[in-house]
Amino acid sequence: MQLHIISSHHLLNHAPDNFLSKGSKYKLHGVYRFGTPGLAFCIGDMVDVENFQAAMEKKMPQKKFDIIMSRECDMQMNGWEEASMDQLRELLTPDEFTDILKIQGTANTGSNNNNSSSKGKSQKGKKKK
């Protein structure tokens, strides 16, 4: 079986982001995770994964969705449900877990350079007003 992971910068449990919970309507099995990043761990045919990705892009055109990984997976998953962090650890290798969830970057710096640049611009904008 192939495991495909779809990622977006952030998805929260409110409309329209909660469309992430509709993977089973696209013949997919797996788990999803709200947060930063928002993730869908899909087991199914690539065409179904791409259809789900396209549907999320249509529902949330302001967000970008990428298939960030596809690989063989021995785990059996039935249904489509929200995942705990422990479930994600079971699905991923330690390196995949830290890379995908960006744990090391946030733990060491508290924010990445892109966020601090954006915050600086926002703060300057606020001071001018």
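A friendly place to start is K27, which is exposed, with a relative accessible area of 63%; here exposed means over 50% relative accessible area, buried means under 20%, and partly exposed lies in between, using a 1.4 Å probe and protein chains only. K27 sits in the loop between strand 1 and strand 2, where strands (E, at least two residues) and helices (H or I, at least four) are DSSP runs numbered from the N terminus. Its phi is near 65°, a positive value in a residue other than glycine.

Before going further, note that this is a predicted model: local features need pLDDT of at least 70, side-chain atom pairs count only at pLDDT 80 or more, and totals for chains, interfaces and linings use all residues. Residues are numbered from 1 along each chain as its sequence is written, and side-chain values use heavy atoms, with hydrogens and water left out. As for pLDDT, the predictor's confidence in each residue from 0 to 100, the protein chain averages 84, and 80% of the residues score at least 70. Please treat residues 105-129 separately: pLDDT stays under 50 there, and the model has 2 contacts beyond four places in sequence for this stretch, a contact being heavy atoms within 4.5 Å.

The loop that holds K27 also holds P16, between strand 1 (2-8) and strand 2 (29-33). The peptide bond from A15 to P16 is cis, with omega near 0°. A cis peptide bond also joins T36 and P37, with omega about 0°, and P37 lies in the loop between strand 2 and strand 3 (38-43).

Now follow the chain into strand 3. Two strands pair if DSSP finds at least two bridges between them. Strand 3 runs antiparallel to strand 1, to which 6 bridges join it; S8, for instance, has G38 as its bridge partner in strand 3. Strand 2 and strand 3 pair in the antiparallel sense over 5 bridges, and the partner of V31 is F41. Because 6 of the 6 residues of strand 3 are buried, it is largely enclosed by the rest of the structure.

Helix 1 (residues 46-59) contains Q53, a residue that is buried at a relative accessible area of 13%. Where does the side chain of Q53 reach? It reaches the backbone oxygen of F65 at 2.8 Å. Leaving aside neighbours within four places in sequence, Q53 is in contact with I6, F65, D66 and I67.

Rings of Phe, Tyr and Trp (its six-membered ring) pair if their centres lie within 6.5 Å, and planes under 30 degrees apart count as stacked, over 60 as edge-to-face and the rest as tilted. The whole structure has 6 aromatic pairs. One of them is the edge-to-face pair of Y32 and F34, 5.5 Å centre to centre with 75° between the planes. Y32 is buried at 9% relative accessible area, and F34 counts as buried at 13%. F52 and W80 also form an edge-to-face pair, at 5.7 Å and 85°. F52 lies in helix 1 and W80 in strand 5 (residues 80-82), so this pair ties together parts that are 28 residues apart in sequence. Both F52 and W80 are buried. One aromatic cluster is formed by F19, Y26, Y32, F34, F52 and W80.

Finally, consider charge pairs. A salt bridge is a side-chain nitrogen of Lys or Arg within 4 Å of a carboxyl oxygen of Asp or Glu, and a search of the whole structure finds 4. In one of them, K63 meets D17, with the closest N and O atoms 3.3 Å apart. K63 lies in the loop between helix 1 and strand 4 (66-72) and D17 in the loop between strand 1 and strand 2, so the pair ties together parts that are 46 residues apart in sequence. K63 counts as buried at 15% relative accessibility, and D17 is buried at 2%. Another salt bridge joins E96 and R71 at 3.0 Å between the closest N and O atoms. E96 lies in helix 3 (residues 94-101) and R71 in strand 4, so that pair ties together parts 25 residues apart in sequence.

Technical notes. Polar contact = N/O pair within 3.5 Å; in protein donor to acceptor, adjacent residues only side chain to side chain.
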